[in-house]
Amino acid sequence: MKSLFKKGWKKNRAKAEFTLIRSYEDLKKKALFSWVVSRCVEALDWKEFKQDELILMSFVIDPFANPIKGEKFKELLDVAQKAVTWIDSNSIIEDEMKFIQLSYLPKRLLIKVLTQAQLDVKRQRKKESETEPVWEVYRDVIYASTNGHFLLIKNDELTRYKQGDLLCEVKIEKREDVPKARQLAKGVFTDLEILSSRLASYNLVISEAVTNVIKHAKSGKMEIYKDQDVLRVVIEDSGPGFPLKSLPKMTLMAGFSTKESLGQGFTLMMKITDQIMLETSASGSTLILLLDGKKNKMEQHSLLVESKK
């Protein structure tokens with residue numbers, strides 16, 4: 001099977017026809033198709049075929065517009081394409097498969113795999129439909145209650161907060177990394193000639209945020225970006241995330257603490273930062289601290305004088 005990939009696409013990738021995605025709906029269907037193909041290959045125990053290559057190939061390249069060597073694989077792609085329609089229309093997979101003639105693949109196994117895939121998709125879509133309105137309510141209430149100081153964001157919004165110059169980056173994996181991150185940040189602030197009255201506060205809030213990565217998530221990283229006069233400290237972790245229902249207390253009640261929360265962390269951070277953004281899920285969290293990046297007033301005055309000469 002591995003050779004089919006090499007001969008069928010790798011060798012002729014310059015001539016291959018790539019999938020044309022015209023809309024977000026097309027993108028979702030293509031992702032579902034790739035996922036279904038991957039699930040089937042795993043169940044069929046085609047170990048010689050790498051999962052990551054399979055997903056990339058079925059997602060990026062149009063398999064029906066390119067030559068495929070291997071009748072088994074052609075048959076699988078055809079079934080997977082039909083399965084996407086069945087899943088979207090909530091059809092009964094077993095009944096639909098009665099009309100499919102297979103020459104190379106075990107029908108009963110595919111029925112089992114596709115039915116389970118359909119159930120997984122239904123559960124996820126139900127969860128998303130139930131969670132979305134609730135998440136928006138929490139976001140809006142917390143934002144209003146903190147006068148715009150604390151904002152919940154989604155994963156696809158993170159990119160906008162990583163704009164500007166990346167000034168430093170450090171991994172946080174053990175306790176020794178906490179003072180390392182703190183010193184690195186202090187060096188950045190000193191080089192930028194941040195107002196001395198703010199330096200101690202900035203170091204304190206970063207120490208608090210980085211320490212909590214070790215306490216609650218075990219590992220993560222810190223990045224500092226500068227975009228004009230704004231500094232963004234981005235702290236990512238791979239922990240279990242923050243429970244949505246606990247966020248109001250965590251952000252609005254000083255000293256509120258749970259196993260997952262930061263205790264005094266959020267209330268302290270809100271006193272020091274210009275704004276806080278938080279993206280959190282079961283796979284990890286990203287905390288973004290917005291800090292005033294203006295230089296020392298004496299430095300600003302000298303620059304103004306120089307510009308008038």
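**A tour of the predicted chain**

Start by colouring the whole chain by pLDDT (the predictor's confidence in each residue, from 0 to 100): the average is 81, and 77% of the residues score at least 70. Next, select residues 1-16, where the pLDDT is below 50. Beyond near neighbours in sequence, this stretch still has 30 contacts in the model, a contact being heavy atoms within 4.5 Å. Then jump to residues 256-263, where pLDDT also stays under 50; the model gives them 21 contacts beyond four places in sequence. Where pLDDT is low, the predicted coordinates should not be read in detail.

A word on conventions. This is a predicted model, in which local features need pLDDT of at least 70 and side-chain atom pairs count only at pLDDT 80 or more, while totals for chains, interfaces and linings use all residues. Residues are numbered from 1 along each chain as its sequence is written, and side-chain values use heavy atoms, leaving out hydrogens and water.

Now switch to cartoon view: you have 11 helices and six strands to browse. These are DSSP runs, numbered from the N terminus (helices: H or I, at least four residues; strands: E, at least two).

Is S91 buried or exposed? S91 is buried, because its relative accessible area is 17% (buried means under 20%, exposed over 50%, partly exposed in between; 1.4 Å probe, protein chains only). Show side chains for W86, E96 and Q118 too: S91 touches these, not counting residues up to four places away in sequence.

Finally, zoom out: of the 309 residues in the chain, 42% are buried.
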